[in-house]
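Student: Could you take me through a close look at a single part of this protein, and at the whole around it?

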Amino acid sequence: MLPEIRQLQHVAAIGQYRSFGRAAQALGMSQPALSKSIRVLEAALGVRLFERGKSGASPTVFGHLVLSRSGAVIQNLDSLLAEIDRMNNLASGTLAVGAGFFPYDTFVVPAVERLARAYPGLHLRVVQADWRTVADQVLSGAIDIGVAGVARAHRDPALAVEHLTVQTARFFVRRGHPLSGATRPTLEKLAPYPFAMGSIPPLLAPYFQRVGIKGRIDPSTGDFIPAIAVDSVVLMKSVVMSTDAFGAAPDVVISSELAAGKVVALPIEAPWAVAEPGVIRLRERPMTPAQTTFLAEVRAIDKEINEQLNRKPSRRSRPGARR
């Protein structure tokens, strides 16, 4: 029979106070209950741990041995319990989130801002990554939750996927761009200008190559790499607003710039240019309060996006991009 942690704590208290009575008081239990715990442990080990006398309790040679080893066991247990409490506590827990190009700004940034305001003690780590690697980072434990294209995640049964709103991207330019006032712009008319964007999945590459949009194909992934390759939506919008480059993004991503008149959305029909994001997490791993709360915020943001899209004329689209 192996000693229980509780019994080792009892031994440590008696060793500290050298008295069953004072140890029982410190532990918040009765002296008979403490004495019974030690007798059970001594019987299980087959040795005597303490000599009882009028002057108190003195450890035997076996008692000294148990005391010398149990301290580290108890300390490690306390550390483990504290870590579990920290992870399971929104006031001081941890959360690591990874996101693809559009979901980073659309879902993750506002969700993290809401959590940071509500739970200032929460430890947050947010990384923007290539949409292909987000699922692998969830699998490896590098991040707790991913928000990105879900094509890769669907192929692994260890991952659970929750789909978010599919959004069609719109091509946009700065106010005053040569095409900003065009009545019938086309992709072909955009070809002379540089495209500012992240890497574009192979499924969509032909649409850009066919009309002569400047860029190259990545030989290792098949992605279309535009002339101005950027790694964030913020940088894409900055480049477009300060040059003759054009970009592409769902309405929700450029809504504030559209409202302020800083950019102009071009009326180019591109039903194939869609973002199909989702939440990716480990299927069998129980979610912590921080993860559950973050997911609730993402769902709330998704609902807001849906309501915003439903207030506008519907545009038919078919899923294609996996960003």
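Student: Among contacts in the protein between residues at least 6 apart in sequence, what percentage join residues at least 24 apart? After that, please look closely at Leu-124.

Tutor: Happy to! This is a predicted model, in which local features need pLDDT of at least 70 and side-chain atom pairs count only at pLDDT 80 or more, while totals for chains, interfaces and linings use all residues. Residues are numbered from 1 along each chain as its sequence is written, and side-chain values use heavy atoms, with hydrogens and water left out.

To your question: 70% of those contacts join residues at least 24 apart, where contact means heavy atoms within 4.5 Å. The protein holds 12 helices and 15 strands (DSSP runs numbered from the N terminus: helices are H or I, at least four residues, and strands are E, at least two). Its C-alpha trace spans about 100 × 40 × 30 Å along the principal axes. Of the 323 residues, 43% count as buried, meaning under 20% relative accessible area, with exposed being over 50% and partly exposed in between (1.4 Å probe, protein chains only).

Now for the close look. Leu-124 sits in strand 4, which covers residues 123-128. This leucine counts as partly exposed because its relative accessibility is 30%. Leaving aside neighbours within four places in sequence, Leu-124 is in contact with Leu-95, Val-112, Leu-115 and Ala-116. Take Val-112 from that list: Val-112 and Leu-124 are 12 residues apart in sequence, and 7.8 Å separates them in space, C-alpha to C-alpha.
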